Amino acid sequence: MLPEFDLVMPRSLNEALQVLAAGSPEVLPIAGGTNLTVDMRSGRYEPKVVVDIEKLPELKGIRRENGQICVGGGVTIAELLKDGLVAETAPVLKSACALFANPLIRNRATVGGNLVDGSPAADTAPSLLALDAEIELTSQDGKRRLPLDEFFIHVRKTARQPNELVTALRWALPKPGTGSAFYKLGLRKADAISVVSVAVVLEAEKGVCRKARIALGSVAPRPVRAKNAEEFLTGKLLKKEVFEEAAALTAQAVSPISDVRASAEYRRRMSAVLTRRMLEQAAEQTGWKE
Amino acid sequence: MLIRFELNKKQTELEVAASETLLDALRKAGFWSVKHGCETGECGACSVLMDGKLIPTCIMLAAQADGHEILTTEGLAEGQDIHPIQKAFIESGAIQCGYCTPAMILATKALLDKEKYPSLEQAREALGPTLCRCTGYVRPLEGVLRAAAYLRGEEVPPLNVKPIPVEAVFGPISPASGPTEESGFEPSGGVATTTRITTAPTLTAQDTTVVVGAPETKVDAVKLAKGRAAFTDDMTRPGMLYAAMLTSPYAHARIRNIDTSKARALPGVRAVLTYKDVPRVIYASGGQSYPNPKPWDQVSLDNKVRFVGDRVAVVAADTLEIAKEALKLIEVDYEVLPAVFDPEESIKDGAPVIHDEPDAVGIYDAQHNISATILAQTGDVDKALAEAEIRFERTYRTQQVQQSSIEPHICITYWDEDDRLVIRTSTQVPYHVRRMIAPLIGLPVSRIRVVKPRIGGGFGGKQEMLIEDLAAHLTIATGRPVRLEYTREQEFTSARSRHPFKITFRAGLTKDGKLQALEMVAIEDTGAYGVHGVTVCSVAGLRGLSTYKCENVRFDAKIVYTNKPVPGAFRGYGGPQALFALESFMDEIAHELKMDPIEFRMNNVVRLGDSIPIATALGEGGPVPQVIRSWGLAECIERAGNAINWERVKDPQWRFDPERPNIRRGLGMAVLMHGTAIPGLDMGSAVIKMNDDGSFNLLVGATDIGTGSDTILGQIAAETLGVPLSKVIVYSSDTDVTPFDVGAYASSTTFISGGAVKKCAEDVRNQIFERAALMLGTTTEGMILRNERVTTPDGRSVTLEEIAHHSLHTKDQQQIMATASHMSLQAPPPFGAQFAEIEVDIETGQVTVKKLTIAVDCGTPINPLTAVGQLEGAVAQALGYAVSEEMAYDQSGSIQTRRFGDYHIFSADEMPEIQAFLVPTYEPSGPYGAKAVGEIGIDGVAPAVANAVYHATGIRLRDIPILPEKVWRALHQSR
């Protein structure tokens, strides 16, 4: 048993938003519950009312929409992992999902839940940041969309207001000449919170980088992009020395802490090593050979 | 609220609370196969299938199951039917403690529903989410593949193994050390296995055993596979209260006062106990023989706390939620004291004194936090060191790790109808618990009954009276049944763990590499209490100084208090610490001397007929001289070495991979030598009685903690009595019914309890012969008992059923029955060899263990399937010890690894390949030639991996675990 609360089980998104409308921090939505039940048991959250949004049809589904991929906030990690559209248009996200917690939790955890938890180590965050994903937040007052990069604020702090739900994530279909790569350095294969994770998406034309996205987890108070490295890469020929330089810039962009998993210094150094490797892998996928 | 869903194919309505998890709701409804393991969805024990997908019920609201289809293991097969997956798991030896078995079986079903022809990789992925601490996953993976074959409708031949030729009329056969022929033990049926068992076919006696040496399925396997109510928590009692424990948030503090009035006033709270409420009786909580080794430095509840997680108060209430709510209402006034966490700081003048209480008994030097010291030596170490041609000195460090049995500590206490206290508990030591708890709760032993049902793993963590006293105090205070269970977090903060050691070895050698002197200086961190400290330390000394022949040896150790959670017994018990240091040290010396590491070891190792000098000066129960009377080490090295393709160590190019320039490959090995039981101290006993149909009841105090001891003890009885195992009904570990046994520890059960069973069965057999002689009008001369029949030399025979009827009902009526006890002054060491193949990523420092091979001489394996399961499981735990597991703290001494997500025990999908071999010898002092097999497998992975890292990179890591950052730093510094 968990600490006591009232459970509301709305049948539609509107009903759910009505319950959340007052914006009270004591009213919390639950979907897979993989974070929230643990947090309620430990006393981190003590909601009076829990709103079950798991079965809401409005939060489900993965579809193509106006040149974008649209994923419902209530889509589970397991669903992302086995979805053909995700595999085709966002392999960098699929790779992250394959290393997300364990298969058991993947069957319950949702992408929206993973993001609103606000963990710097959220497994889907670097890939979604690298995809330039947009997050859709819905309240009774309406919908708003913002770049995911603006969604994360600090440890356990996001732009979501208590009356809002994550209803969707969207990202653009990849252009020709796009390559991507993801790597999670942990103490174990999947079911360990990462020491460093890196996601890279590159768009290139004849070996020249048109756009670069580098995002990292577990190296700052929030999932971060290495914007200095991204800018540096733009317009450059994709080659070893350039990757080395971008990797070094990435190491400057992160602000890791020391904890039981690793020291700050190690995290910083690994940010560079892994970024370089992911850039190499992604560049190879753009179809360009040095 | 009322939910409607399909449960095990039946439409079901269930009344659940809003805040109830599906786990709680299912268990409350009697679906006991769904187990509690971790509360965070990380162990998988609570898994069920929801709409065909495996999901964790401990982190899901019961209400969310509304409208879904749920399947638990109970729903797989009705009544006595067995589902093919269950059958496959039973036959393939996939079940040890059985606690995670129902979840594994459901995980298998989820896979096989989708995939008829699963690959080994798919099986590994499927079992990935269900953590198992017993098996190392090798047998469960075979179970998955075997089940797939069954479900495809294929004929799957039974597991088989050639009988082991052991002279049935006893007396040792020549203790061969060079068996060669493969026995043909191949788990078959299209099932890929990575394990081979080699038995000893070079023995040529006429008689062969029938039951001993056979891969019998475990006697408790069916109920475990079916998820029946077999564990401590799988029951309720009318009026049962739920207990919860308040623990210290400070590493070191005096409790000025506790105000429990608000907690007591909470409706539903039935008792709140603090140091003010229970008698102050000094004890030591380690489950050990009388009198418990000193120091005695604990009381049930104290007015001082000595680590974050130490006991402060305990509450019993109508529900667990009320009990937990009450904990928040207890007001504790702490005077926070300075704390110390490093043993080398702890012994300095002026360090905080952890045990300043005047009534502690037997602390060596409380002012300097020295719990105990050990000094043991033979020969003249100083002289031999001074005169040695070459000297070496190295220091090694090992970390604190947790046993992590998937079933947490749990007990239920209640008064029976005769006002006797029943303690139903998940323990390795029921008899020690009964004796040790008596003075704490003020009851005589005669009024206490301890029952151990099935237990979900122990590994030493339950060789302890850890929580039984608190539950008993609450039952005494309330008159009601009380259930007390640790949370997974409390398993890390408030249970036991492995002692960290700092070990310095000094060696003196001749120029040609012969050992002349060996000194081992150790500082052992025993945490806040001294429990198991001195005995673990003495075993570390024994293990560190036994393997290599040397007349001049010395062990000099300090056992030191710190303000950390308390280490205790953990499989290996000082062995893994000592052997990490010793086998790294031997490797370093060999490389320095430019000798082959195996050749150098074999030049110095003890062999058949050698005595063990240190055993004359040091022993867990006092020194007892030892001589090696069975020795299969050379064969072990050959077997495991060949299996890992050790020859590659000679090819310098092999270390590099042209495709992956950042990778270095390496091979490493370690020699293993363990003990078997505590000589002169451990005792086990047995009762056997014969029934009307010629079957037998075997009653033993021995404690099966998933290892299969009920099964192998049954096999020893069955072999001796000429019956199949199915004719022996084994009942164990109930202090009212079964005779005394020290319990499951010190690698003793097969050897000691098995010795008692064999003696007992021989006595019964003699009575059977006498009855047969009476019936046939002849003498017992030359009689043979085989196939449930006594045969005389002239060919006449009577069946056991006829004998039973005659003895019970016909003439000179008599219950054929016997009792026997067994102890031993010999502690015959099992030997073995551990090899590791690894890869190092020199940019990140990540070490990936690719393959582990182990071969062990455990004398006669009574059951090769369970014996090899012991090795595989131990190797998996040892791998965690080597590369990932570590209890980590913040600066205030608060543990940071409080859940399986942070504390890394290996899962099926990330295990390297394990190959385990048995190399039988014949141990003259053991039952049917058996020695120990339970612990030796955990001793050697850390040094083998460290030695492999050295081979790969030239980097020598002298502290474990070998984490990526440590390797990266060492590589960085060396550049």
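The second largest pocket of this predicted model has a volume of about 1100 Å³. A pocket is an open set of points on a 1 Å grid over the protein atoms alone, with protein on both sides within 12 Å along at least five of seven lines; a cavity is a set where a 1.4 Å probe fits but cannot get out, and lining residues have an atom within 4 Å of a point. Points are joined across faces, edges and corners, and a volume is the space filled by probe spheres set on them.

The pocket is lined by 39 residues, and those closest to its centre are A:Tyr183, B:Glu839, B:Asp841, B:Gln846 and B:Thr848. Two or more lining residues come from each of β11 (178-185), α11 (240-253) and α12 (264-285) of chain A, and from each of β29 (831-841), β30 (847-857) and α21 (864-883) of chain B. Helices (H or I, at least four residues) and strands (E, at least two) are DSSP runs, numbered from the N terminus. With five residues, α12(A) gives the most to this lining.

By the same rule there are 10 cavities of 30 Å³ or more. The second largest cavity has 22 lining residues, with B:Gln298, B:Asp310, B:Arg311, B:Arg496 and B:Tyr529 nearest its centre. Its volume is about 220 Å³.

The table gives the linings by class.

In chain A, the domain assignment (automatic or from a database) gives domain 1 (6-51), domain 2 (58-172) and domain 3 (178-285). The centres of domain 2 and domain 3 of chain A, taken over C-alpha atoms, are separated by 20 Å. Contact (heavy atoms within 4.5 Å) joins 24 residues of domain 2 of chain A to 26 residues of domain 3 of chain A.

Residues are numbered from 1 along each chain as its sequence is written, and chains are lettered from A and ligands numbered from 1 in the order in which they are written. Local features need pLDDT of at least 70 and side-chain atom pairs count only at pLDDT 80 or more, while totals for chains, interfaces and linings use all residues; side-chain values use heavy atoms, with hydrogens and water left out.
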